[in-house]
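Hi,

Here is the structure I promised to pass on. Have a look through it first, and then read my notes below.

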Amino acid sequence: MAEEQEPLEILSARHVVEYPYTRSVGAVIGRFLGGLKDKKIEGSLTPSGRVLVPPSEYDPESGASISDFVEVGEAGVVTTWCWVAEPLAKHPFDRPFAWALIRLDGADTALLHAVDAGDSSRMATGMRVKVRWRQQRSGAIGDIECFEAENLGSQDGEIV
Amino acid sequence: MSKRCAIIGVGQTHHAAVRKDLSISGVVREAALRALEDAGMDWRDIEAVVVGKAPDIIEGVMMPELFLAEALGCVGKPMFRVHTAGSVGGSTALVAAHLVQAGIHKRVLTVAFEKQSESDTTWAITPNIPFQPPLVAGAGGYFAPIIRSYIERSKAPADIGIRVAVKDRKNALRNPYAHLHLEDVSMEMVENSPMLWDPIRYLECCPSSDGACAMVLSDEKGGDAAPKPPAWVHASAMRSEPTMFPGRNQINPRAGRECAAALYKQAGIDDPRKDFDVAEIYIPFSWYEPMWMENLGFAEENQGWKMTEEGATAFDGDMPVNCSGGVLSSNPIGA
């Protein structure tokens with residue numbers, strides 16, 4: 001009768017890969033991001049007359065190159081939203097907030113960003129929100145710190 | 001019997017170390033637009049697009065074909081991605097041609113690209129995965145021992161690689177699209193460049209480029225009606241073999257020999273050196289010219305280096321190889 005053998009140890013080993021990337025954003029996205037630095041939000045104008053914010057380098061309908069830009073408003077409408085009750089470390093706030101799609105005035109498409117509403121009861125589809133600009137801007141989407149309800153008062157945050 | 005396939009438009013970018021002026025989509029589109037313009041077409045004329053590029057890790061874009069759909073006017077149309085590492089430019093065109101030859105599509109855009117500046121390719125193929133043989137710091141580390149074996153086996157003079165490097169860089173001076181334009185390239189310059197992976201010197205390596213190449217392929221009717229004289233696809237072949245197994249002939253791989261033989265048979269080529277006017281071949285390190293001359297049947301085994309030495313593969317030789325400057329002068333890997 002054969003002796004019972006020790007079970008074979010199956011080897012495994014850890015291999016950690018760190019790998020750097022660079023991005024060239026191109027002329028269209030570059031202009032959009034550069035505009036944010038100057039508190040300007042620009043969309044791309046497609047041949048069929050639609051204004052895309054954030055812009056696209058090429059028209060999703062026809063494939064045409066996009067070279068026309070339209071400045072849009074700093075305020076717009078929440079088209080849909082999701083409440084984050086327990087923010088994680090990488091989220092833009094350490095307090096509850098909403099992720100929302102926001103269609104800015106003059107745009108035909110919506111932009112994803114955070115809304116600092118304080119409480120989910122203050123969020124609603126169709127509500128109007130406006131940009132809160134970051135003080136230090138670098139030409140990135142984070143130059144928009146977040147959106148906030150348009151009917152808030154100025155610095156003191158009182159509802160008017 | 002497969003249908004005929006015509007190449008009715010070609011386009012490529014100006015290749016460079018960094019195309020900072022363009023996004024990834026912008027690079028691909030520059031080549032595609034030039035091919036469409038050459039074919040006298042616009043996006044609406046294209047039925048399907050086949051995209052090729054090297055591993056996703058290089059730019060970090062998963063499923064680049066979807067990422068590129070609007071840049072390639074392909075929204076709502078069939079789009080396929082091909083990936084066969086360094087050979088992907090050829091494989092992409094092959095798949096696209098098969099779509100036409102099979103009668104599935106009438107007009108297909110094939111485009112291949114790499115934007116190497118968006119990351120670090122040598123690093124990408126360097127990781128030492130546990131329990132697997134390492135590539136030893138980039139492609140050169142993998143190829144150097146194979147080249148050393150070739151030199152030992154064929155008794156080739158040590159300067160053959162240098163000659164290839166000089167020849168291809170001189171050819172690139174005639175090509176406005178080429179990445180490297182080394183006006184003062186010479187045997188001394190290449191010989192004195194740093195030894196990276198013995199026997200491969202710095203200037204015997206391909207550069208790292210941003211760029212793309214595109215072609216518009218058409219069925220026979222479209223080929224006959226094309227605004228410019230079309231080129232017809234006479235034959236295509238592909239063969240595979242495992243990268244590593246005991247007894248593999250790494251210097252003169254069987255897959256390459258059998259692939260070339262099948263291709264020549266289809267096209268009615270009896271003597272490749274006599275029957276071809278010119279060849280563009282993937283030569284990422286200089287010594288691969290003599291090695292591929294043998295593998296592809298242009299020379300007997302161990303004799304390929306003589307073609308280089310005699311100048312047969314030069315621009316004015318009897319079998320010019322890589323008149324564009326080749327991969328040694330422009331290397332957007334996927335293209």
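Let's start with a term: a disulfide is a pair of cysteine sulfur atoms within 2.5 Å. Searching the whole structure turns up zero disulfides over all chains.

Some ground rules before you go on. This is a predicted model, so local features need pLDDT of at least 70 and side-chain atom pairs count only at pLDDT 80 or more, while totals for chains, interfaces and linings use all residues. Residues are numbered from 1 along each chain as its sequence is written, chains are lettered from A and ligands numbered from 1 in the order in which they are written, and side-chain values use heavy atoms, with hydrogens and water left out.

Chain A has a mean pLDDT of 91, with 92% of its residues at 70 or more. Watch residues 154-160 of chain A, though, where pLDDT stays under 50. Where pLDDT is low, the predicted coordinates should not be read in detail.

Next, where the chains meet. Counting contacts (heavy atoms within 4.5 Å), 25 residues of chain A touch 33 residues of chain B. The buried area (the accessible area, with a 1.4 Å probe, that two parts lose on being put together, summed over both) is about 1,900 Å² between chain A and chain B, and carbon and sulfur atoms give 54% of that. A:Tyr19, A:Ser24 and A:Tyr58 supply 32% of the area that chain A buries against chain B, more than any other three residues. The interface also has one salt bridge, taking that to be a side-chain nitrogen of Lys or Arg within 4 Å of a carboxyl oxygen of Asp or Glu. A:Arg23 and B:Glu118 form a salt bridge, with their closest N and O atoms 3.0 Å apart.

Now for two helices in chain B. Helices (H or I, at least four residues) and strands (E, at least two) are DSSP runs, numbered from the N terminus. Buried means under 20% relative accessible area, exposed over 50%, and partly exposed in between (1.4 Å probe, protein chains only).

- Helix H3 (residues 88-101) of chain B has 11 of its 14 residues buried. Its cover includes strands S2 (48-52) and S4 (107-115) of chain B. After H3(B) comes B:Gly103, with a positive phi near 80°.
- Helix H6 (residues 160-172) of chain B is largely enclosed by the rest of the structure, because 11 of its 13 residues are buried. Among the elements covering the buried residues of H6(B) are helices H7 (187-191) and H12 (304-310) of chain B.

Most residues other than glycine have a negative phi, and most peptide bonds are trans. The bond from A:Val53 to A:Pro54 is cis, with omega near 0°, and A:Pro54 sits in the loop between strands S2 (51-52) and S3 (69-71) of chain A. Another cis peptide bond joins B:Asp198 and B:Pro199, with omega about 10°. B:Lys155 is not a glycine, yet has a positive phi of about 55°; B:Lys155 is exposed, with a relative accessible area of 60%.

Cheers

Note on methods:
pLDDT = per-residue confidence, 0-100. Expected span 1.5 Å × (residues − 1).
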